Amino acid sequence: FATIAVGAYAFHVEARSTRSPVAARLRELRTTRSGASVSFGDRPPALLKALAQLGGFLPSPDGSNALRTGLIRAGFRRSEAVLVFLGTKVILAAALPVLWLFTAYAFHQPAARVMALAVLAGVVGFYLPTMIVALRQNARHNAVLAALPDALDLLVICVESGLGVAAGLQRVATEMRLPSPVLAAELGIVNQEMQAGVSRTDALRNLAERTGVDEVYALVAMLIQTDRLGTSVGQALRSHADSMRTKRRQRAEQLARKATVKLAFPLVLLILPALLVVILGPAAIQLMKALAAS
């Protein structure tokens, strides 16, 4: 009864908000601030619409700012990204248990085990989209972090050769398409925003917000502060590029030192038992034969 009542109330609220021109305008303004669109793949528009409608029956169908920011940092910037994300969670949470129930019924599994695994499948299906988004967000974060020092060196060369910061960013975006498509796409969005009339300060802040990388936040703060104080952009960029290269070397040294600790677990759990079996196995067999003969 509670589920049906909540669903009916959510449907009623969604219907009222859809008819309200003020709510529609606010929803349009909220979605247009998310930047350029990045596709979810080659899914047909009908499937996207169906998933969005299913997600719309959940509370807060437009999603919170934190959820939308997380999807943007994972590369999903369509206006219906939050609705598709929520709808996918609902579909997987319902489809995986049903699929498991059909499979268990076909193979005559025990009822207690079937119900326990069905609940587990529902939980896994509900959190699977979240894990996929988190993995993609982490991959994009690492890609931006790895390519940022090289992009900053290119920006230093462009600025010192006479180009402005906007023209330098555009040139860096063009040059970084092959080594780092993620960073090139983000810089391309910055150029598009500045060409559309957004101030350079707001465009750079949007870049830092979209990537979520601390080094990008530091770079944006340095560029904004340099622009306000009127100091040399080339000198500030060169100093920041030197510090970025130092941090990248320190991160590489840190990962190299962690490698020995990470190798200890497979060495102890996988390699040493096999070595003990190979080395001590024949001796154990001979000892058992000797004891049996005596």
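Modeller: Contact, or touching, means heavy atoms within 4.5 Å. On that basis, residues 24 or more positions apart account for 63% of the contacts in the chain with a separation of 6 or more. This is a predicted model, in which local features need pLDDT of at least 70 and side-chain atom pairs count only at pLDDT 80 or more, while totals for chains, interfaces and linings use all residues. Residues are numbered from 1 along each chain as its sequence is written, and side-chain values use heavy atoms, with hydrogens and water left out.

The chain has 11 helices and zero strands; helices (H or I, at least four residues) and strands (E, at least two) are DSSP runs, numbered from the N terminus. Of its 294 residues, 31% are buried. Buried means under 20% relative accessible area, exposed over 50%, and partly exposed in between (1.4 Å probe, protein chains only). The chain exposes about 18,500 Å², and carbon and sulfur atoms supply 67% of that area; accessible areas come from the Shrake-Rupley method with a 1.4 Å probe, and for residues only the protein chains shown count as cover.

The interior starts with the packing. A nonpolar core is a set of buried Ala, Val, Leu, Ile, Met, Phe, Trp, Tyr and Cys residues joined through side-chain atoms within 4.5 Å. The largest such core has 36 residues, and L169, V216 and L237 have the most contacts inside it. At least two residues of this core come from each of α6 (111–160), α7, α8, α9 (200–211), α10 (214–229) and α11 (233–293). α6 gives the largest share, 10 residues. L237 touches L152, L155, V156, V159, L219, M222 and L223, leaving out residues up to four places away in sequence. A second, separate core of eight residues includes L71, F76, F85 and V133.

Next, the cavities. Rolling a probe the size of a water molecule over the atoms shows where empty space is left. On a 1 Å grid over the protein atoms alone, a cavity is a set of points where a 1.4 Å probe fits but cannot get out, and its lining residues have an atom within 4 Å of a point. Grid points are joined across faces, edges and corners, and a volume is the space filled by probe spheres set on the points. By this rule there are three cavities of 30 Å³ or more.

The largest cavity holds about 140 Å³ of space. Its lining has 16 residues, with L148, L169, L187, L207 and L219 nearest its centre. L169 is also among the residues with the most contacts inside the largest core. α6, α7, α8, α9 and α10 each supply at least two lining residues of the largest cavity, and α6 has the largest share with five. The lining divides into 15 nonpolar residues, one polar and no charged; Ala, Val, Leu, Ile, Met, Phe, Trp, Tyr, Cys and Pro count as nonpolar, Asp, Glu, Lys and Arg as charged, and the others, Gly among them, as polar.

The second largest cavity holds about 60 Å³. R73, Q137, R140, H141, V144, V182, E186, R210 and T211 line it. By class these are two nonpolar, three polar and four charged residues. G75 follows α4 and has a positive phi, near 105°.

K89, in helix α5 (residues 81–106), counts as buried because its relative accessible area is 6%. Beyond its neighbours within four places in sequence, K89 is in contact with G125, F126, Y127, P129 and T130. S180 sits in the loop between α7 (165–175) and α8 (181–195) and is buried too, at 3%; outside four places in sequence, S180 touches A143 and A147. S161, in the loop between α6 and α7, is exposed, with a relative accessible area of 56%. S161 and G234 are 73 residues apart in sequence and 9.5 Å apart in space, C-alpha to C-alpha.

Methods
On a 1 Å grid over the protein atoms alone, a cavity is a set of points where a 1.4 Å probe fits but cannot get out, and a pocket is an open set with protein on both sides within 12 Å along at least five of seven lines; lining residues have an atom within 4 Å of a point.
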